[in-house]
Amino acid sequence: MTQSSQPTIVLYTHPDCAFSAAAKADYRKREVQFTEIDVSKQPDKVPDLERLTGGDRVTPVIVED
């Protein structure tokens, strides 16, 4: 059985969040692949974000594997 050497990373972001921008820049600089969910463009993902944060609407939220 083979496994990918890199974890699957999902990054919940918002365009007005400096911390979201910093996280994306860091991943790009280190050439780490990630999937971005911009909650301003995908409002249907907000309930997922709230589940992960215990009800808070904060970004960034980083989910690995």
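Helices here are DSSP runs of H or I with at least four residues, strands are runs of E with at least two, and both are numbered from the N terminus. This is a predicted model, where local features need pLDDT of at least 70 and side-chain atom pairs count only at pLDDT 80 or more, while totals for chains, interfaces and linings use all residues. Residues are numbered from 1 along each chain as its sequence is written, and side-chain values use heavy atoms, with hydrogens and water left out.

**Strands and the crossover**

- Strands β1 (residues 9–13) and β2 (residues 35–38) run parallel and are joined by four bridges; two strands count as paired if DSSP finds at least two bridges between them.
- Look for V10, which stands opposite T35 in β2.
- To get from β1 to β2, the chain passes through helix α1 (residues 18–29), and this β-α-β crossover is right-handed. That word means that, with the strands pointing away from the viewer, the path from the first strand over the helix to the second runs clockwise.

- S20, A23, K24 and Y27 are the buried residues of α1. Buried means under 20% relative accessible area, exposed means over 50%, and partly exposed is in between (1.4 Å probe, protein chains only).
- What do the buried residues of α1 pack against? They pack against β1, β2 and β3 (61–64), where contact means heavy atoms within 4.5 Å.

**Salt bridges**

- The count comes to four salt bridges, each being a side-chain nitrogen of Lys or Arg within 4 Å of a carboxyl oxygen of Asp or Glu.
- One of them links the side chains of D26 and R30 at 2.9 Å, N to O, and D26 is partly exposed at 34% relative accessible area.
- Another joins R51 to D48, with the closest N and O atoms 2.2 Å apart. These two are separated by about one helical turn, because they lie three residues apart in helix α2 (residues 46–53). R51 is exposed at 61%, whereas D48 is partly exposed at 23%.
- R57 pairs with E50, and their closest N and O atoms are 2.8 Å apart. Here R57 is exposed at 64%, while E50 is partly exposed at 25%.
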